[in-house]
Amino acid sequence: MLNLVLFGPPGAGKGTQSAKLIEKYQLVHISTGDMFRMHISNNTELGQRVKQILADGLLVPDSVTIDMLEEEVKNNPEAKGFIFDGFPRTVPQAEALDAYLSKNGQKINGVVQLDVNEEEIKNRIAERQKVSGRADDDADKLLKRIDEYFSKTVHVLPYYDAQGKVAKVNGIGNIEEIFTNICTAIDAVK
């Protein structure tokens with residue numbers, strides 16, 4: 001089984017690259033953002049809670065995120081592997097994911113870090129917001145999300161780096177070239 005974490009700040013291209021990786025490696029995509037949006041659009045109890053948290057530009061509590069993620073893994077027993085997008089965002093989440101996977105005889109094989117500078121991120125999200133109208137892409141919330149990434153989420157990388165699992169890939173440039181570089185990193189850990 002091939003389990004990957006796709007890592008990068010908001011607007012780094014995780015969604016774009018995930019779609020290509022899913023097709024190539026036959027992985028199940030688990031995006032916490034997609035799970036949150038699904039719960040919000042279905043107006044579930046969890047969705048109502050998550051909607052307010054995301055609208056404020058904050059991170060959803062670990063316990064809620066981990067429960068949703070475990071449920072999604074259980075719902076895909078025939079999967080050849082998973083690509084985790086937007087998770088883990090904290091070291092406790094990374095530890096919980098490792099513990100959960102280990103309990104099921106699995107592990108994270110590799111972590112791909114999409115390296116994109118803050119100016120590029122802001123430009124990409126401004127363009128995305130014009131198209132998607134996502135509430136979490138407006139300027140104030142974007143700044144909070146970027147700050148959350150650089151003040152909290154980025155600290156997950158040393159956790160995986162200590163395990164020798166991080167591959168840093170330049171996330172700026174041609175989408176196909178970035179994809180090729182990601183695949184080279186993944187093929188090295190398969």
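**Reading the pockets, cores and cavity of a predicted model**

Q: Which helices and strands each supply at least two residues of the lining of the largest pocket?

A: In this predicted model, strand 1 (2–7), helix 1 (14–25), strand 2 (28–31), helix 2 (32–41), helix 6 (118–132), helix 7 (139–151) and helix 9 (175–187) each supply at least two lining residues. Helix 2 gives the largest share, five residues. Helices (H or I, at least four residues) and strands (E, at least two) are DSSP runs, numbered from the N terminus.

Residues are numbered from 1 along each chain as its sequence is written, and side-chain values use heavy atoms, with hydrogens and water left out. As this is a predicted model, local features need pLDDT of at least 70 and side-chain atom pairs count only at pLDDT 80 or more, while totals for chains, interfaces and linings use all residues.

Q: How should I read a pocket, and what volume does the largest pocket have?

A: Rolling a probe the size of a water molecule over the atoms shows where empty space is left. On a 1 Å grid over the protein atoms alone, a cavity is a set of points where a 1.4 Å probe fits but cannot get out; a pocket is an open set with protein on both sides within 12 Å along at least five of seven lines, and lining residues have an atom within 4 Å of a point. Grid points are joined across faces, edges and corners, and a volume is the space filled by probe spheres set on the points.

Here, the largest pocket has a volume of about 790 Å³. Its lining has 42 residues, and Pro10, Gly11, Lys14, Arg128 and Arg145 lie nearest the centre. By type, the lining divides into 16 nonpolar, 15 polar and 11 charged residues. Ala, Val, Leu, Ile, Met, Phe, Trp, Tyr, Cys and Pro count as nonpolar, Asp, Glu, Lys and Arg as charged, and the others, Gly among them, as polar.

Q: Is glycine 13 buried or exposed, or something in between?

A: Buried means under 20% relative accessible area, exposed over 50%, and partly exposed in between (1.4 Å probe, protein chains only). Glycine 13 is partly exposed because its relative accessible area is 22%. This glycine sits in the loop between strand 1 and helix 1. Glycine 15, in helix 1, is also partly exposed, at 45%.

Q: What is a nonpolar core, and which residues touch the most other members?

A: In soluble globular proteins, nonpolar side chains tend to be buried together. A nonpolar core is a set of buried Ala, Val, Leu, Ile, Met, Phe, Trp, Tyr and Cys residues joined through side-chain atoms within 4.5 Å. In the largest core, of 28 residues, Ile30, Phe84, Leu97, Ile108 and Tyr160 touch the most other members. Helix 4 gives the largest share of this core, five residues. A second, separate core of 20 residues includes Leu27, Val112, Ile125 and Phe179.

Q: With which residues is valine 156 in contact, beyond its neighbours within four places in sequence?

A: Contact means heavy atoms within 4.5 Å. Leaving those neighbours aside, valine 156 contacts Phe7, Pro88, Arg89, Thr90, Val91 and Ala94. Valine 156 lies in helix 8 (residues 156–161) and is buried, because its relative accessible area is 0%.

Q: Which residues line the largest cavity?

A: The structure holds one cavity of 30 Å³ or more, and about 60 Å³ of space lies in the largest cavity. Thr32, Phe36, Leu54, Leu58, Leu59, Val60, Thr65, Gly86, Arg89 and Gln93 line this cavity. They divide into five nonpolar, four polar and one charged.

Q: How do glycine 86 and arginine 89 sit in the model?

A: Both are found in the loop between strand 3 and helix 5. Glycine 86 counts as buried because its relative accessibility is 12%, whereas arginine 89 is partly exposed at 30%. Leaving aside neighbours within four places in sequence, glycine 86 is in contact with Leu6, Lys14 and Thr32.
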